Structures are given as structure tokens and as C-alpha cells.
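Trainee: Could you take me through one part of this model in detail? I would like a close look at how the two chains meet.

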Amino acid sequence: MKKLNLLKSAIIAVLVGLVCFAFTAAPERITVKGSDTLVILAQKWAEEYMKTNSGANIQVTGGGSGVGISALINGATDIANASRKMKQTEKDKLKQRYNTLGVEVACAKDGITIYLNPANKVTELSIKQLSDIYKGVITNWKEVGGADQSIKLYGRENSSGTYVFFQENVVKGDYASSCQTLPGTAAVVNAVKKDAYGIGYGGAAYAEGIVICKVKKDDKSAAFVPTAETIKTGEYPITRFLYMYLRNRPTGETKKYIDWILGAEGQKLVVDMGYFPVK
Amino acid sequence: MLKTILFVLVTVLALNLKAQEPTVSEKLTEVNDKVNGLLERVATDEADLQKLAKIKVSGYIQAQYQNFETPTLLAKSQNYFSLRRVRVKFTYEAADGIKFVLQPDFAPGNFVLKDAYAVVNDRWTKSWSLWAGKFNRPNYEVEYSSSQREILERSLVVRTLYPGERAIGAKLEYNPQSTPIHMQVAILNGADGITVNNAAGTNLNAADNIDYDNSKDVMARVTYNLPLGSFGGLDFGAHGYFGSLKSMTTLTYKSDYTSSTPSYVGEKIGKNWLGGEFQLFADVLGGLSVKGEYISGKNASIGYAPAGAVLGSANFVNNFAGSYLYVIKNLGKRNQLAFRYDYYDPNTDIKGADVTIKQYDATSAWVKKASSKSDLATTTYGIAFHHYLDDNVRITFNYDIVQNEKVGRTSGISNIRENYTQADGQVVTNGIDYGTIIPQNVFSIRIQAKF
């Protein structure tokens, strides 16, 4: 009986110790990882937040939405930035490792922008045409009203949320094998800038030195460029939310930081950086 | 004269030097050719890399030390180091939506091919997938990876019903994109990991790569993920097993040890059960989950016919029930605590007190069948603490408290007792008494490395 009491006491002591350990204050460093689309905004948020909150320590890195979510599941980051929704398989992994379903915070909106070289005569494309172009069905610009030149496709790597979102909502099939995958939206913009017959896609905030192609839902619709107005009204057809994912409901400094992002100051930066506010 | 010769020499040399130096255009052509050559090589390498990228290799090693509590010092080792699982998983994505998986287990002395299957996903709705080969049977605990499990081994009821976890067959899965419902229907040989001995003690199902009878078993599982807002989510569902084993004899006993039914060779002896499951995930205090399952039904084992002087062994159909309940709590980012209640009663028709008392009468043609320790229920309380050193390495301390159902006692001694042999070779008669709880707790320390 004595032996049993000793065992019980030991188990209770260990349990109490562990539970106490679980609630000890964690250091206030916040790590943010993920979407390359969101990374420049996330860096700006961190920079501005740390200016007014001297105690805060926020580290932001990119890598792609998939990389960020994997890091969240592995415990390597506190916040995962994503330009797509979390997949069921990723939720299942989070359930297995942390026993939670994760917390989704929509922090900005984005219009996926179609980049063209200024030398290209084409100014607008329909979703169907974009799909056919990226599937490799349309391979020459003359088929969509441009010059008699082969279309050079530029896109993102498959760890990118933009890659997944564009595939699911525009391409609706497999990308053509000729599509050159590049590590980051800036690289896509750069490639199109140098290639008169190139086409690329990515976040609106990166569109510099290229021409933004107007996009229409179908042949009968009017074509629009992504602006705050066309995104708000839903006229621009390729819009999406940008997300932050956390393992658990935020507390402490993390909650304060997220509240700030969703507040007036954070959302003003969204607009300043070329993205679109959540509301 | 000398001056003239020198002038001519210098001029010729200068002209010669100038002639050897390539022009800018030649240089450009040369560089261009080199770049084109490099681009060709890069394109070839990229094509090769793309092929290699279709092959994914992952795996894990579980090295452990275990200490087994025993009635007293037995001849058998009570503690040892072992390799529980040494698995390497090869996944080849042949094309979008087509996948081949091969997973051997290299554990010393127990090399076995765990998984070998092909999956074809429908490319249009992205909701259906067809599996063929050897894969996990559709059950929550079976499909839950050994590398993630919170208590080191599966619950006893699941281990008993699904020996080896995998089965050979085909499976259709439905995972619609828009609704959080998941359905699986599998057709299986149904004899994987089961022993069917004949009178000579030869296992007729030894080559469990193929079916030993013609009838196929069907398994189905349906689950639904119900979101509970910011609280978390509840997954719930059910699974069922509808199968049979081919009778090799002419008599079937039941687990009430009272009634028996005549059988014939080739008759399908049914084994059917249903299970209900839930997994509650709550975002409270940093992550908590409660997971449970209850399975109940009828299992069967196959006997052999009497042959001349050799007595026959009847088929045996037992009503069983089993359940488990996990409570898992994350402690910060790197630690996890888990508790599990695990209960399995292989015979719900009789109580422990009736074991050995309930029996079939002896006959001249059949082996006597009496209730025994195999009819006793087992309750196991498991507690585990996990520490994740990093993404790949997990250290686990696991303690299983195993309690058998007690049999009836007469004059302080139960009617099931067993001898055991001490380390010095001395046999202790009736040393193990099933009228008491037999010490059989297990303490394990396991290090798991994943890659």
C-alpha cells in the first residue's frame, strides 16, 4: 500500500509540475513565417509595431505559405502567413501534433495581378484565356490578340499559396510543363520585366515596372484591374484573403500584435503597401 | 640594318599578337555558346531532378528500453533494449493524382512489408480515391500514425481485431472538397494476420498474401468534422466490419459456453462488429483533446474436423466489447502529456467469476472447450509524457498499468493458476493466481527519430 501511495504521489507531483510548467510565461519574441506575397507587408507591420512597442521582438521571414504552415505544425513559428486557406491534411497534422484546429485570422485582401511586359500589345484577358494559357492550350500571343510570338509562362513554386490559389481558381487543372517556376513574386515580376512575351501572376503589391493586365470573368464581362474599389465590389475576379494562422487563440503580446494589425494602424499600412484592407 | 630587322620583327610580332586576340564578336559568340551549353546541361539536370522530386522518402526509428513487471523473477528477461519500429516509406507520385507507396519495417528479426499500395485520385472532382494493395484498415486508431500516437501502443481491442493493422484489398475513399465528411469502403481478403490451424497444427493461413477462403470481408468508416467555433472541433463517426471465415469443421461453439450449432466445412462463420468514435479538440489551456472509441460485436476463430482418433476442435464465436479513451494535453510547444483508459473484454457472455466453471461437456469426438484466461477482460491505464527535442526527435516516458479481470476464488485460491520458472530454473507450482491482479505493468522509454 505504501508503495502504491508513493507511486500515486510521484505521478501527482509530476503532473502538477508539468501543468505549472505549461503556464510559465513564454518569452515575448514572436516569429512569423510563410507567404512571400505577404512578407513585405508583414515586415512593415513588425517594423512599425516594434517602433511603438519597444519591448516587442518580432521576426518575419518568407518562404511560401506551405513552408509557413509546416513551420507552424512543427512548432518552428508562432504565426504562419498564408495566401491560401489551410488544407485539410495540414489541419489534421496540427490536430495530431498540438490537439488544436488552428486559428485563422484574415488580415488583408489581395487581387492576384497578371503581369505583362510593357512591350506586349495584349491589355486584357478573360479567366478562360488565362486558364488556357497556363494549361498550355494557348501558346501564342496572336491567339489572344497579341503578336505572333510564343507565350513565356512564369509562376511560383508549388510551396507557394499563390501557386495553389491560382491553380484552384484560375487554371483549374495542371500547369503547363513549360511554366518556369520562380522563388518569389519579385522574381516573377523581374522575369516578366525582362521578357517582352512573358506573363506572370502574383500579389498586387509587387507590380512595378510591368503592365497590369485587365481581367474579365468571361467574354461578356467588362475587364478590370485590381484596385481597392474593384476588389471591394467583387468586379475584379481574382481576389483572395490573406491569412495569419496560429496554433491556439492568441494571448499576451501575440494577441496585442494581431489586434493592432486588424486595427486602424495596421490596416492603414495594408493600403500603404499596395494591398487591400479586410473590411 | 639592325634597326630595320628589329622594326620588322616587332611589327610582325605585334601583328601576330593582334591576330591571335579574338575580336569582341568572337568572344561574345564563344560566351554565348558556353552559356547555351550550360543551359542545355541545366535543362537536362532539371528534367532529371524533376523525376527524382517525384520520389519522397520518409521514415522513423523507434529505439526503446522497457521494464516488465512480473509475478517474480522469471527466466525470461524482464527488461531490455529493443528497436520497436525501423521504417522507411517510399512514395512515388507518378503523375498528378497517382501515387505508389512502399513501406518496409526493418526491425531486427521482424522484417515485414507494412504498406504496399497504389492510390489513384479522381482528377475532376478531387473527391474520390481508389486504393489497391496492402494498406491500413479503415479505423481511427489503426490509421493514426505510430510516430504520432500519444500512448506507445494501440489499444488492446484494436490490436486484437486488426492484427498487423494492414490488410490486402481495395478501398474507395470519398473526401468531398465542400463538406467535411469522409467515407471509406474497403473490400479485403479478411484473413490477414489470422491463424487457422488444422489438426496437425499447420497454419492454413500462413501465406497471408492470398486469401485462404473465397469470401471477402467489407469494412466501412464514415466520419464528420464538426467545427465548434473558437472552442475547437468535434470529429465523430462510426466504422463497421462485415466478414466471415470459412469453417473447416462441423461444430461451432459460442462464448456463453452453453449453446452450440452444427456447421459444415465451407460454411461462412460470421465476424461482424460496429464501432463508434469521437475526437474532441479544444483550444483550452494551449491545446487539449479527448478521443474515444467503443467497438462491440462478434469475432470468430476456426477449428478443425475430427479425423479418426484425432479429436476435432470446434469453431468458436465470441461476443466481445472494447473501448478506449484518451485525454491529451499539450504543455507548451515541446511537451505533451497523455492518459489512456483501455478496456477489452474478449467474452461479454460470461463474467470473470464464471471462468473455468462455464464449459462444454467432454465428448468422445471433440477437444474439451472450457472457459479460460483468454475469456478474461483486461483494463490498461496508460500514462505518457513526450518531449520533442526538435521537429524530428521525440523522447517518451510511458507507463502502462495492466489489470486483468479476476476469476472466482474458492478457499482463497482461484481456479486458474499457472506455474512459472525462476531464473535459477526452479519451477514454482501455481505461482501465478488469476484470482488476483497479476503484475504485468510495463515501463518504457522510447526515443523516436523521424526524417
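Mentor: Between chain B and chain A there are 3 salt bridges. One of the pairs is B:Lys333 with A:Asp78, whose closest N and O atoms lie 3.4 Å apart. Please keep in mind that this is a predicted model.

Now for the extent of the interface. Chain B puts 34 residues into the contact and chain A puts in 24. Together the two chains bury about 2500 Å², with 53% of that area on carbon and sulfur atoms. B:Lys333 turns up again here: with B:Phe281 and B:Asp283, it supplies 24% of the area that chain B buries against chain A, more than any other three residues.

Let's zoom in on one residue of this region, B:Asn330. You will find B:Asn330 in strand β14 of chain B, which covers residues 315–331. The side chain of B:Asn330 makes a polar contact of 2.7 Å with the side chain of A:Asn99. Setting aside neighbours within four places in sequence, B:Asn330 touches A:Arg97, A:Tyr98 and A:Asn99 from chain A, along with B:Leu285, B:Gly286, B:Gly287, B:Asn335 and B:Gln336 from chain B. B:Asn330 counts as buried because its relative accessible area is 1%, and the cut-off for buried is under 20%.

Chain A has a domain 1 (27–109 + 241–272) and a domain 2 (113–237), with 27 Å between their centres, taken over C-alpha atoms. Where these domains of chain A meet, 12 residues of domain 1 contact 13 residues of domain 2, and the buried area is about 860 Å², 53% of it from carbon and sulfur atoms. The count here is 1 salt bridge; A:Asp36 and A:Arg156 meet in a salt bridge at 3.1 Å, N to O. On the domain 1 side of chain A, α2 (36–52) and α3 (65–74) each supply at least two of the residues that touch domain 2. The largest share of that side, 4 residues, comes from α2(A).

Technical notes:
Residues are numbered from 1 along each chain as its sequence is written. Chains are lettered from A and ligands numbered from 1 in the order in which they are written. This is a predicted model: local features need pLDDT of at least 70, side-chain atom pairs count only at pLDDT 80 or more; totals for chains, interfaces and linings use all residues. Side-chain values use heavy atoms; hydrogens and water are left out. Buried means under 20% relative accessible area, exposed over 50%, partly exposed in between (1.4 Å probe, protein chains only). A polar contact is a pair of N or O atoms within 3.5 Å; within protein, one must be able to donate a hydrogen and the other to accept it, and residues adjacent in sequence count only if both atoms are side-chain atoms. Contact means heavy atoms within 4.5 Å. Domain bounds come from an automatic or database domain assignment. Buried area is the accessible area (1.4 Å probe) that two parts lose on being put together, summed over both. A salt bridge is a side-chain nitrogen of Lys or Arg within 4 Å of a carboxyl oxygen of Asp or Glu.
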